[in-house]
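Please look at the sequence and structure before reading on.

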Amino acid sequence: MYQHKQYALFIFIVLGWIGGFLALAWNLIGADVPLMGFSAILVLVAFLFHSLTIKVTDKTVSWAFGPGVFGKTVSFDDIESVRAVSNSFRHGIGLRITHDGWVYSVSGFSAVELAMKDGTHYRLGTNDQAGLLAALKTHITQPEAMPKAKEEVSAEPE
């Protein structure tokens, strides 16, 4: 069994930066309802998206953010292929859908793409790309090239 948790360093940096301005505003104007509401939203976002955990068991691969929210579990029978990919800035962080399929990421650019038999694609961001890819490839048989059909030999009439 493989399990890896990647922490969302970028999200913590951005939330810390916003939190600094929030603390300054709190100090200057005092605690009012909108400011406390915005603070609660920041704390909730930090709690829900503080990490991405990916688990590979004997029959499934699953992933979820933070305490186990916004995740998914798929069976190896439904996966057609896996490959190492590199996300770009347009893929972003968090949970989103792009032209490359669903993206689950909290930090960095390295990811593993799962191509499902139904045509859906999932990109799982990870800082242990080689380990995750190795764990997945032990359970998934990659599609083989179709063997060439033998040419039929026509029998000549005697």
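The model is predicted. In it, H50 has a relative accessible area of 19%; because the cut-off for a buried residue is under 20%, H50 counts as buried.

H50 sits in the loop that connects helix 2 (33–48) with strand 2. A polar atom of the H50 side chain lies 2.9 Å from the backbone oxygen of F47. Leaving aside residues up to four places away in sequence, H50 touches Q6, Y7, A8, F12, G66 and P67.

One of these contacts, Q6, also has a place in the sheet: the bridge partner of Q6 in strand 2 is L52. Strand 1 and strand 2 run antiparallel and are joined by 6 bridges.

The sheet as a whole is open and consists of 4 strands in the order 1-2-3-4, with antiparallel pairing. Strand 1 and strand 4 are at its edges; each has a single partner strand, so one side of each is left without a neighbour in the sheet. On average, neighbouring strands are turned by 10° against each other, direction ignored.

Helix 3 packs on this sheet and touches strand 1, strand 2 and strand 3. The direction of helix 3 makes about 30° with that of strand 2.

| Strand 1 | 2–7 |
| Strand 2 | 51–56 |
| Strand 3 | 60–65 |
| Strand 4 | 69–75 |

Helix 3 covers residues 129–137.

Terms used:
Residues are numbered from 1 along each chain as its sequence is written. This is a predicted model: local features need pLDDT of at least 70, side-chain atom pairs count only at pLDDT 80 or more; totals for chains, interfaces and linings use all residues. Side-chain values use heavy atoms; hydrogens and water are left out. Two strands pair if DSSP finds at least two bridges between them. Helices (H or I, at least four residues) and strands (E, at least two) are DSSP runs, numbered from the N terminus. Axes are lines fitted to C-alpha atoms, for helices over the stretch in contact, and angles run from 0 to 180 degrees between N-to-C directions. Contact means heavy atoms within 4.5 Å. Buried means under 20% relative accessible area, exposed over 50%, partly exposed in between (1.4 Å probe, protein chains only). A polar contact is a pair of N or O atoms within 3.5 Å; within protein, one must be able to donate a hydrogen and the other to accept it, and residues adjacent in sequence count only if both atoms are side-chain atoms.
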